[in-house]
Amino acid sequence: MAPLQKRALYSFVIGLVLTIVLIVVLVAQGDITAFERDLKLRLVMYAVLIGVPLIYLILVNLTLRKPTQLDERDRRIIERSSWAQWLAVIFTLVAWTIALTEIYRDQGQVPIAFLKLIFMSTLIIGTLAQSLGILVGYWEMNRNG
Amino acid sequence: MSPSQKMSWGNVIVWGTYLVVLAIVLAANGTILFWQEDSLKNAFFTITGVAVAAFIIMMLFVWIGASRARVTIDERDHKIMNRANALAGPIAMTALAVTSLVLGLVYTEDKNSVMSPYFLMYVTLINVVVYWLAQAIYTLVAYRRN
């Protein structure tokens with residue numbers, strides 16, 4: 001396993017665990033906007049929001065600075081994974097738009113608390129998608145030779 | 001001119017014009033919350049619809065032209081496209097953050113606890129348009145340099 005591939009895998013797994021923890025906590029509260037009233041819940045959210053991109057930054061960007069650790073192939077995979085990141089962000093936004101429009105169709109208004117949630121989810125999913133994009137890049141390269 | 005360059009020129013013309021026209025219309029009405037007035041909402045959807053139609057027609061022309069001329073995409077094209085995508089992503093994310101922040105502030109200033117579903121559409125649209133523009137501009141600059 002290449003150093004970048006290994007680190008992307010760690011970053012993805014840790015990020016995914018943190019995201020699942022956040023989803024479980026929000027679902028357990030019974031109301032997805034409960035974080036607006038509960039400081040502890042907000043702290044959990046901020047921890048995940050900062051944690052996921054920070055883990056990616058440390059594992060993939062900061063500890064892979066030596067030129068010998070990354071070759072041309074790795075750099076190309078990182079560049080290509082940005083496409084996956086953007087697609088994930090767009091699909092997240094589209095999913096939020098459709099879901100909230102449908103859920104709040106009768107009221108015609110969406111609670112503003114969702115704004116924070118949408119922004120946080122795009123950041124978290126964007127980072128996870130970047131790690132996943134790197135893993136898929138290696139998988140494709142190994143498959144195609 | 002390669003298909004990527006043609007597509008980039010098309011993107012700059014279509015989405016650049018779209019942003020300028022939209023900015024003028026919103027500035028003339030003195031608000032960025034287009035959904036609050038029916039006439040402004042209609043204008044917004046008409047401008048967006050025309051831009052999307054122009055984008056699809058432009059893509060079709062480039063695609064048909066490339067198929068007829070049997071143009072092949074080489075290593076340099078791939079490299080430029082990958083770099084363009086890598087650069088456009090963070091720029092689009094920044095645009096998303098700024099739009100969310102500005103609109104969030106507008107709502108908070110108005111002491112609102114609810115927002116319009118159009119808000120989400122707005123944020124998504126800004127993200128897509130900024131991404132395409134950033135990608136297209138970088139592609140054109142990269143081809144000029146190489």
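Visitor: How many residues of chain B are in contact with chain A?
Guide: In this predicted model, 25 residues of chain B are in contact with 24 residues of chain A.

Visitor: Which elements of chain B supply the side that touches chain A?
Guide: At least two residues each come from α3 (75–109), β1 (114–115) and α4 (118–145) of chain B. The largest share is from α3(B), with 12 residues.

Visitor: And how do the residues on that side of chain B divide, nonpolar, polar and charged?
Guide: You get 14 nonpolar, 10 polar and 1 charged.

Visitor: Back to β1(B). In what sense do β1 of chain A and β1(B) pair?
Guide: Antiparallel, over 2 bridges, with the chain A strand covering residues 110–111. A:Pro111 stands opposite B:Val114 there.

Visitor: Switching to helices: at what angle do α2 and α4 of chain A pack?
Guide: About 25 degrees, with the axes 9 Å apart; α2 is residues 39–62 and α4 is residues 113–144 of chain A. Angles under 35 degrees count as roughly parallel, so α2(A) is roughly parallel to α4(A).

Visitor: Is that crossing left-handed or right-handed?
Guide: The crossing of α2(A) and α4(A) is left-handed.

Visitor: Which residues make the contact?
Guide: From α2(A), A:Met45, A:Val48, A:Leu49, A:Val52, A:Pro53 and A:Tyr56. From α4(A), A:Met120, A:Leu123, A:Ile124, A:Thr127, A:Leu128, A:Gln130 and A:Ser131.

Visitor: How many of those are nonpolar, polar or charged?
Guide: For the contact of α2(A) with α4(A), 10 are nonpolar, 3 polar and none charged.

Definitions and conventions. Residues are numbered from 1 along each chain as its sequence is written. Chains are lettered from A and ligands numbered from 1 in the order in which they are written. This is a predicted model: local features need pLDDT of at least 70, side-chain atom pairs count only at pLDDT 80 or more; totals for chains, interfaces and linings use all residues. Axes are lines fitted to C-alpha atoms, for helices over the stretch in contact, and angles run from 0 to 180 degrees between N-to-C directions. Helices (H or I, at least four residues) and strands (E, at least two) are DSSP runs, numbered from the N terminus. Angles under 35 degrees count as roughly parallel, over 145 as roughly antiparallel, 65 to 115 as roughly perpendicular and the rest as oblique. A crossing is left-handed if the near helix is turned anticlockwise from the far one by less than a right angle, and right-handed if clockwise. Two residues are in contact if their C-beta atoms, placed from the backbone, lie within 7 Å. Ala, Val, Leu, Ile, Met, Phe, Trp, Tyr, Cys and Pro count as nonpolar, Asp, Glu, Lys and Arg as charged, and the others, Gly among them, as polar. Two strands pair if DSSP finds at least two bridges between them.
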